[in-house]
Amino acid sequence: MSRTRTLLSYDSRLRRLGPLVLPTLWGAVAVTWKLVCPLAQQPGLPMRIATSVVFFTVGTGLILGIRRGLSRELERMRAIADATQRVLLRPPAPRLDGLSVAAGQLSASRGASVGGDLYEAVATPHGVRVVIGDVRGHGLAALGAVVAVLGSFREAAHDEPELGGVLRRLDRALARHLRERARDEHPAACAGREPEHPAAEEFVTVLLLEIRPDGEVYALNCGHPGPYRLGHRVEPVAVGEPLPPLGAFPLPADLCAYRCTRLLPGEALFLHTDGAEDARDGAGRFFALEAVLAEAADASLSPAALVHRVHTALLRHTRGRLADDVALLVVRNDRMRVPAQPAEPGLRRTRPAPSPH
């Protein structure tokens, strides 16, 4: 195994040095020619020009070779990072139990496709469960909390019969992550004991939804913006009294999901993080999210097209300079409304005969 790793390491180094081989050989020949060849040592302007051309060519070849090698390495690292980020924040299935789903994210960190926002939607025996959240801060530094919360949700959403049980599992997973991070950052201070305050200012806002087969939507909200319902008009959906963000304060003993709305066939829920509504242009004007949603609702866009429309409008409004990560998730009820069926002729109920009294 060790020999195989050594050979792979040598192979990787040779690939990185490959573009520099030809310019280096040409440079060695040019230096040898300059030092050894009597013709190259003759004075005069023509020979100086020829020598300058030779060394300029060698220098240009070396620069281009280095640039090509770095460009290949950068492309390779970007491909690895993109694959890793897609596994972490994978796109939800386009259809879940009769619902159409689409999601997307814009990261405020340059070169990153994910940041401090999170989302997921899964079909469970208890209904389609959805989570969207926002880790304090943005960019790659928040990925640890994103991993902890999403990993816990993907298990708890199937295991817990009540939405409150899912939320408690998320809270415990985040608490473990913060304790482990505190130990890594301050090993001397935490030696032999649990840190009292793992991360004093780290928290995650979370919105949990459960969409049942009859379209009833239940929610638990931990300091996160509420969704919009898109139907004949665009309207904000109340999601109950907000609970404290995860990691900031302990959850209350009683966690009762709030019945917030009913999603009829053809209607959609638009979930977002606060980076969407808080985005500003150069003049300090906030992004008109509700107006953009109203235009999209009139156009009867699919969930994926709606996410793309809002992303495009956000980038146009901010000129590509986002101050915070933005996550969007759209769930549309594509279940067919089953009309009431007439009873069989032989099974029709007859009105009772009037009483003689």
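This is a predicted model: local features need pLDDT of at least 70, side-chain atom pairs count only at pLDDT 80 or more; totals for chains, interfaces and linings use all residues.
Me: Is Arg319 buried or exposed?

Reply: Exposed means over 50% relative accessible area. Arg319 counts as exposed, with 69% relative accessibility.

Me: Which residue in the loop between strand S1 and S2 can be read in this way?

Reply: Asp97 is found in that loop, S1 being residues 95-96. Asp97 is not a glycine, yet its phi is positive, at about 50°. The relative accessible area of Asp97 is 43%, which makes the residue partly exposed.

Me: Which residues in H7 are buried?

Reply: Start with the general idea. An α-helix has 3.6 residues a turn, so residues three or four places apart point the same way. In H7 the buried residues are Pro303, Leu306, Val307, Val310, His311, Ala313, Leu314, His317 and Thr318. Seen down the helix axis, the buried residues of H7 fall within an arc of 165°, so they line one face.

Me: Which exposed residues does the face of H7 turned away from its buried side carry?

Reply: That face carries His308 and Arg316, both exposed.

Me: What covers the buried residues of H7?

Reply: The cover includes two helices, H5 (274-277) and H6 (289-298). Strands also take part, among them S2 (99-106), S7 (228-230), S10 (268-272) and S11 (326-333).

Me: At roughly what angle do the axes of H6 and H7 cross?

Reply: The axes cross at roughly 140° and come within 10 Å. Angles over 145 degrees count as roughly antiparallel. H6 and H7 are therefore oblique to each other. The crossing in which H6 passes H7 is right-handed.

Me: Which residues of H6 and H7 make the contact?

Reply: H6 contributes Leu289, Val292, Leu293, Glu295 and Ala296, while H7 contributes Leu306, Arg309, Val310 and Ala313. Leu306, Val310 and Ala313 are also among the buried residues of H7.

Definitions and conventions
Residues are numbered from 1 along each chain as its sequence is written. Side-chain values use heavy atoms; hydrogens and water are left out. Buried means under 20% relative accessible area, exposed over 50%, partly exposed in between (1.4 Å probe, protein chains only). Helices (H or I, at least four residues) and strands (E, at least two) are DSSP runs, numbered from the N terminus. The arc is that of the directions from the helix axis to the C-beta atoms. Contact means heavy atoms within 4.5 Å. Axes are lines fitted to C-alpha atoms, for helices over the stretch in contact, and angles run from 0 to 180 degrees between N-to-C directions. Angles under 35 degrees count as roughly parallel, over 145 as roughly antiparallel, 65 to 115 as roughly perpendicular and the rest as oblique. A crossing is left-handed if the near helix is turned anticlockwise from the far one by less than a right angle, and right-handed if clockwise.
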